[in-house]
Amino acid sequence: MAKSTETAHLETNFFGDVCEFFDHAAQFTSHPEGLLDQIRSCNSVYRFRFPIRRGNGFEVIDAWRVEHSHHKSPTKGGIRYSDMVNEDEVMALAALMSYKCAIVNVPFGGAKGGIKINPKNYTVAELENITRRYTVELIKKNFIGPGIDVPAPDYGSGEREMSWIADTYQTMNPGQLDALGCVTGKPLALHGIAGRREATGRGVAISIRECVDVAEDMIKLGLTPGLDGKKVIVQGLGNVGYHSAKYLIEFGATVVGFCEYEGAIYNENGLDLDDVFNHRKSTGSILGFSGAQVEFTNSSEGLEQLCDILVPAALENQITEHNIGNIKAKIIAEGANGPTTPAAAAAFIERGCIIIPDMYCNAGGVTVSYFEWLKNLSHVAFGRMDKRYEETANRNLVNMVEKTTGVTLDSVQRNLIIKGATELELVNSGLEDTMIRSYHEIREIKMNNPKIDSLRTAAFVSSIDKIAVSYMNMGIWP
Ligand code: NAD
């Protein structure tokens with residue numbers, strides 16, 4: 001089986017875990033083994049090393065870019081900056097990107113990048129140097145480009161790093177009209193898109209809202225339908241964790257716990273997100289927060305406190321066979337990639353609980369990255385052509401209705417009806433529609449086959465089928 005031969009030399013088994021989930025789901029499809037093998041395997045694994053000048057000497061940096069599947073072009077996936085990153089992890093994350101894009105109908109193959117550094121140990125100038133050199137290495141081997149492979153932010157990277165990548169690519173490809181489509185998650189000033197920064201977390205919150213709104217499923221869990229008053233614990237106060245918490249609170253949930261690597265805090269009545277965030281920013285730690293009833297220096301204890309929903313939004317392998325027995329949540333929403341191991345997932349599902357799988361749950365980021373890429377290729381912001389036109393048409397309609405009915409709207413009502421959509425509103429509308437439709441698509445696959453045990457298996461079935469169709473349309477398989 002591909003998983004054992006491809007990962008035999010690697011130190012961890014994250015790619016093996018993804019393959020295990022894949023193989024479990026593949027039995028519910030009818031594709032030939034050769035085609036399944038092609039879908040499961042990583043097409044291109046580029047491992048490279050480059051030197052940077054540091055202090056009075058040099059340091060050699062390990063880096064990767066993996067393109068998992070070329071059934072669609074370009075390939076797409078974030079770049080992880082972490083001293084724990086390794087080839088197995090990048091392969092696993094690239095594979096998850098292929099399945100994720102297929103689930104939410106984003107026309108990309110999957111990819112991922114990794115730079116083995118702890119960004120906290122480097123100056124901004126060194127980080128810029130590393131990022132630009134990494135980009136040059138990708139350009140040299142044709143591993144980046146708007147129609148080839150398009151990176152994005154991931155753990156440890158953000159808008160700043162994406163702007164360095166865009167600038168380096170543009171500089172080395174003068175006159176290439178679509179050059180800025182070589183990377184997404186850029187700042188707005190460099191042709192990024194409104195709403196990308198918060199997209200993954202917003203998508204996570206929408207996925208949870210969709211899940212808890214299904215009364216039939218909540219009754220089976222012994223929960224009331226709807227997000228109102230649901231107690232949530234979030235692991236990771238980075239991009240995904242912060243925004244997941246923000247929108248969950250906006251949708252009516254109460255965040256009772258936060259876990260960071262230095263510890264965890266809990267208050268059964270709820271914690272104020274921004275107060276916690278600012279406390280950590282000013283003191284450097286989540287611990288010592290005055291609004292907490294209890295705190296834990298062992299961060300993983302925080303995951304085991306009383307709540308309805310657990311949102312791991314930090315790293316993989318956080319919920320394993322060792323702690324799953326202590327998890328009290330009835331729903332795990334995987335904001336991070338790969339936070340639950342196959343053994344832990346099986347035990348949780350066995351208890352009748354629900355996992356909203358990473359490959360769907362955190363797909364909001366790539367969905368809005370797709371919108372950013374479209375914006376870069378079309379060279380025009382969403383709403384620019386039609387916002388005023390829409391407003392004029394709406395104003396004419398309101399004037400006519402007021403005239404014929406004799407009813408006069410006040411200025412607030414008028415503005416609400418007349419206003420044309422901004423880029424942010426269009427992006428959020430596209431994101432929400434994608435997350436809602438995809439959730440029900442996956443759930444329906446599960447409901448239609450009683451042997452399919454989980455939303456993850458259903459999500460894999462959905463993506464395997466879609467990727468298989470792409471290969472068949474290429475004429476590679478009959
Ligand atoms: P980030 O770097 O912004 O934040 C991660 C946070 O997790 C940091 O605050 C870090 O201190 C914390 N953390 C690290 N180890 C921890 C531990 N053991 N316990 C508790 N907290 C810990 O990264 P991010 O962009 O929010 O990504 C988080 C996860 O979401 C990753 O798995 C990533 O692959 C996934 N993801 C990110 C995006 C995106 O758009 N950024 C999209 C899809 C998936």
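Q: At 1% relative accessibility, does Ala 329 count as buried or exposed?
A: This is a predicted model, and in it Ala 329 has a relative accessibility of 1%. The cut-off for burial is under 20%. So Ala 329 counts as buried.

Q: Where is Ala 329 found?
A: Look around strand S10 (309-312) and strand S11 (331-333). Ala 329 is found in the loop between S10 and S11.

Q: Leaving aside neighbours within four places in sequence, which residues is Ala 329 in contact with?
A: A contact here needs heavy atoms within 4.5 Å. With its neighbours within four places left out, Ala 329 touches Cys 307, Asp 308, Ile 309, Leu 310, Phe 348, Arg 351 and Cys 353.

Q: How far apart in space are Ala 329 and Ile 354, C-alpha to C-alpha?
A: In sequence, Ala 329 and Ile 354 are 25 residues apart. Their C-alpha to C-alpha separation in space is 9.5 Å.

Q: Are H7 and H9 parallel or oblique to each other?
A: The axes of helix H7 (residues 196-212) and helix H9 (residues 239-250) come within 7 Å and cross at roughly 50 degrees. Angles under 35 degrees would count as roughly parallel, and 65 to 115 as roughly perpendicular. H7 and H9 are therefore oblique.

Q: Is the crossing of H7 and H9 left-handed or right-handed, and how many charged residues does the contact have?
A: The crossing of H7 and H9 is right-handed. Arg 197, Glu 198 and Arg 202 are among the H7 residues making the contact, with His 243 and Tyr 247 among those of H9. By class, the contact has 6 nonpolar and 5 polar residues, and the charged ones number 3.

Q: How is H9 oriented relative to H10?
A: The axes of H9 and helix H10 (residues 273-283) come within 10 Å and cross at roughly 155 degrees. That makes H9 and H10 roughly antiparallel.

Q: How many nonpolar residues are in the contact of H9 with H10?
A: From H9, Tyr 242, Ala 245, Lys 246 and Ile 249 meet Leu 273, Asp 274 and Phe 277 of H10. This contact has no polar residues and 2 charged ones, and its nonpolar count is 5.

Q: How far apart are the end C-alpha atoms of H17?
A: Helix H17 (residues 423-448) has 26 residues, so at 1.5 Å a residue it should span 38 Å. The distance between its end C-alpha atoms agrees with that, at 37 Å.

Q: Which helices do the buried residues of H17 pack against?
A: The buried residues of H17 include Val 427, Leu 431, Met 435 and Ile 442. The buried residues pack against H4, H7, H8, H13, H14 and H18.

Notes:
Residues numbered from 1 in each chain as written. Predicted model: local features only at pLDDT ≥ 70, side-chain atom pairs only at ≥ 80, totals over all residues. Heavy atoms only, no water. Axes fitted to C-alpha atoms, helices over the stretch in contact; angles between N-to-C directions. Helix = DSSP H or I, 4+ residues; strand = E, 2+ residues; numbered from the N terminus. Parallel < 35°, antiparallel > 145°, perpendicular 65-115°, else oblique. Left-handed = near helix turned anticlockwise from the far one by under 90°. Nonpolar A, V, L, I, M, F, W, Y, C, P; charged D, E, K, R; others polar. Expected span 1.5 Å × (residues − 1). Buried < 20%, exposed > 50% of the residue type's maximum accessible area, 1.4 Å probe, protein only.
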